[in-house]
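Subject: Structure for you to look at

Hello,

The sequence and structure are below, followed by notes on what was found. Please read the notes with the coordinates open.

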Amino acid sequence: MTAKDLSKALNYSISATGNMEGTVTDAYVGDLLSDVMGNASTDSVLITIQAHKNTVAVASLIGCPVIILCNGRSAPADMVEAAESNGITLLETTDTQYKAACRVATLLGSI
Amino acid sequence: MLPAVLAIEAFDRGLDIVALTDHNNGRNLPAFSEACSIVGICGIYGMEVNTIEEVHMLSLFETLDEAMDFNDYLETTLPRFKHSSKLFGDQMIVDLEGNEIGQLDMSLYGASSLSVEKLVEQVNHRGGMIIPAHVDRPSDSLLANLGFIPDLPYSAIEAIRIPCEADVHGKTVVQGSDAHYIEHIGRRFCYAEVEQVGFQHLRKAFLLGNVSYR
């Protein structure tokens, strides 16, 4: 599904719109960015609590069109700016990573 | 920030000892070493290692040779992926004057395969000083990533705020600038009571707790 449809269905708070036309086919839950870099697949939603701009750089490197920040963590201004300039949709929620992952999985038809 | 600029600025701001600790590498230490000699400041040669737990640890050495030797070893523990300047900035190697003499192709952004414990063992074995960096920072620190400070033979522990609220197992807490830009140089520092300005004397001051804060 597109980043646009996913964002709409999740109804999480949108901190950066990014390129809403990106395709999402998978998801990755991770907080160690070195692990994310090694294991996340392209066109994944990154579900994380790492609220800083390096997360955007890593997402961009892999080709993750959407980042979901969980546990109420908020993106600082430089992270939002980085997301916008890299065309990445940045969502925020108070949901835990487990809850967010379950919701994404349902929407992607994985479960 | 050029290695020579670090040496000059540190000297101008009244620091007696300054360490250069680039992220996961020491390729700019030779230029830094030259600069420190010329400027007349005591330089410590190190790197900020990103461990497998993504904890930053300051690995410090007395001599340039020891540091470069450790750098060669560290490079073998880093993941091999190509660097993206667009996303992570340039990885330049410069000479004393700041002219670019090379670029690092291999990304320094990843995590070493070394754990905190293994790194502590390696640095101590090589005669260096190992100091967990900014333990109370909300990311890339022992407290953020592990939730506690493991009881290991560190030379000291670096914190942003004094006093450090975590259990530091009797180790001396030190403060440093973690300067990424010129303006940051000397923004945080501490005093060490030493007989002479030098690496071993500094190590002794840390061991004995002869450190005070501004």
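Among contacts in chain B between residues at least 6 apart in sequence, 59% link residues at least 24 apart; two residues are in contact if their C-beta atoms, placed from the backbone, lie within 7 Å. This is a predicted model, in which local features need pLDDT of at least 70 and side-chain atom pairs count only at pLDDT 80 or more, while totals for chains, interfaces and linings use all residues. Residues are numbered from 1 along each chain as its sequence is written, and chains are lettered from A and ligands numbered from 1 in the order in which they are written.

Chain B overall

Chain B has 7 helices and 10 strands, taken as DSSP runs numbered from the N terminus (helices H or I, at least four residues; strands E, at least two). Its radius of gyration is 16 Å, close to the 17 Å that the globule rule gives for 214 residues, so chain B is as compact as a globular protein of that length. The radius is taken over C-alpha atoms, and the rule is 2.2 Å times the number of residues to the power 0.38. The C-alpha trace of chain B spans about 45 × 35 × 30 Å along its principal axes. Of the 214 residues in chain B, 40% are buried (20 or more other C-beta atoms within 10 Å of the residue's own).

Strand 6 and the cores

Strand 6 of chain B (residues 129-132) is covered on both faces, with Met129(B) and Ile131(B) buried on one side and Ile130(B) and Pro132(B) on the other. Strand 3 of chain B (residues 56-61) runs antiparallel to strand 6 and is joined to it by 4 bridges (pairing takes at least two DSSP bridges). Pro132(B) is the bridge partner of Met57(B).

The largest nonpolar core has 51 residues, and among those with the most contacts inside it are Met57(B), Ile130(B), Ile131(B) and Ile157(B). A nonpolar core is a set of buried Ala, Val, Leu, Ile, Met, Phe, Trp, Tyr and Cys residues joined through C-beta atoms within 7 Å. A second, separate core of 35 residues includes Val36(A), Ala57(A), Met79(A) and Leu90(A).

The interface

In the interface, 9 residues of chain A are in contact with 8 residues of chain B. Helix 2 of chain A gives the most to chain A's side, with 4 residues.

Regards

Conventions: Buried ≥ 20, exposed ≤ 12 C-beta atoms within 10 Å, placed from the backbone.
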